[in-house]
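Please look over the structure shown here, and then read on for a report on one of its pockets and some of its salt bridges.

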Amino acid sequence: AGWLGHAVKPGGRVLDVGGGAGQLAVLLAETLHASGTVLDPTLEMIGHVPAHDAVTAVVGVAESMPFGDDEFDAVVVSDAFHHFRDQPGAVAEFARVVRHGGVVLVLELDPTGLMMQLIVWGEKLLGEPGAFFTPAEMCAFMARQGIEGQCERLRKADYRFIGTVDKPGELA
């Protein structure tokens with residue numbers, strides 16, 4: 001939540017993309033005193049989102065979000081980005097639904113290292129559609145989509161990308 005506090009003021013809006021059963025959205029809504037929205041493609045997962053005054057659950061996919069432009073102060077993706085079928089389309093949607101000066105936070109796994117290479121291989125065998133990025137690849141990929149930011153290693157194979165949405169000509 002500390003990573004988002006500068007962008008999400010009390011009463012703000014956070015979107016958890018690929019948020020599953022909504023635990024992170026609830027935590028963020030309570031910590032930031034904001035409203036949280038969980039977007040997940042699986043009706044079964046959305047059905048597990050707890051009833052909470054500040055959290056809404058929506059069935060949908062990252063690359064075609066059912067939200068208006070500039071609707072959120074931040075987008076969070078935790079351990080889901082590598083599952084997205086259309087990663088460029090998803091990032092274009094992040095830039096569309098987050099206001100100018102808002103934040104995109106992606107928590108992801110670095111595919112380098114033997115154990116992670118086995119996980120990547122296993123996911124490909126299972127027919128998972130997306131792709132893993134190294135931290136450097138993620139930063140470059142996001143920048144190409146107009147979201148400048150930085151990647152920081154967290155622990156072992158985890159890292160975070162945190163970037164700011166820049167919409168030329170708009171005021172934050």
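The residues that line the second largest pocket divide into 5 nonpolar, 1 polar and 4 charged, where Ala, Val, Leu, Ile, Met, Phe, Trp, Tyr, Cys and Pro count as nonpolar, Asp, Glu, Lys and Arg as charged, and the others, Gly among them, as polar. This is a predicted model, in which local features need pLDDT of at least 70 and side-chain atom pairs count only at pLDDT 80 or more, while totals for chains, interfaces and linings use all residues. Residues are numbered from 1 along each chain as its sequence is written, and side-chain values use heavy atoms, with hydrogens and water left out.

The largest share of that lining, 3 residues, comes from E5, and among the lining residues are Leu107, Glu108 and Leu109. On a 1 Å grid over the protein atoms alone, a pocket is an open set of points where a 1.4 Å probe fits, with protein on both sides within 12 Å along at least five of seven lines, and lining residues have an atom within 4 Å of a point.

The model has 6 salt bridges, each being a side-chain nitrogen of Lys or Arg within 4 Å of a carboxyl oxygen of Asp or Glu. Three of them are listed below.

| Salt bridge | Distance, N to O |
|---|---|
| Arg96 and Asp69 | 2.9 Å |
| Asp73 and Arg99 | 2.7 Å |
| Arg96 and Glu93 | 2.7 Å |

Salt bridges that share partners join Asp69, Glu93 and Arg96 into one network.

Definitions and conventions
Helices (H or I, at least four residues) and strands (E, at least two) are DSSP runs, numbered from the N terminus.
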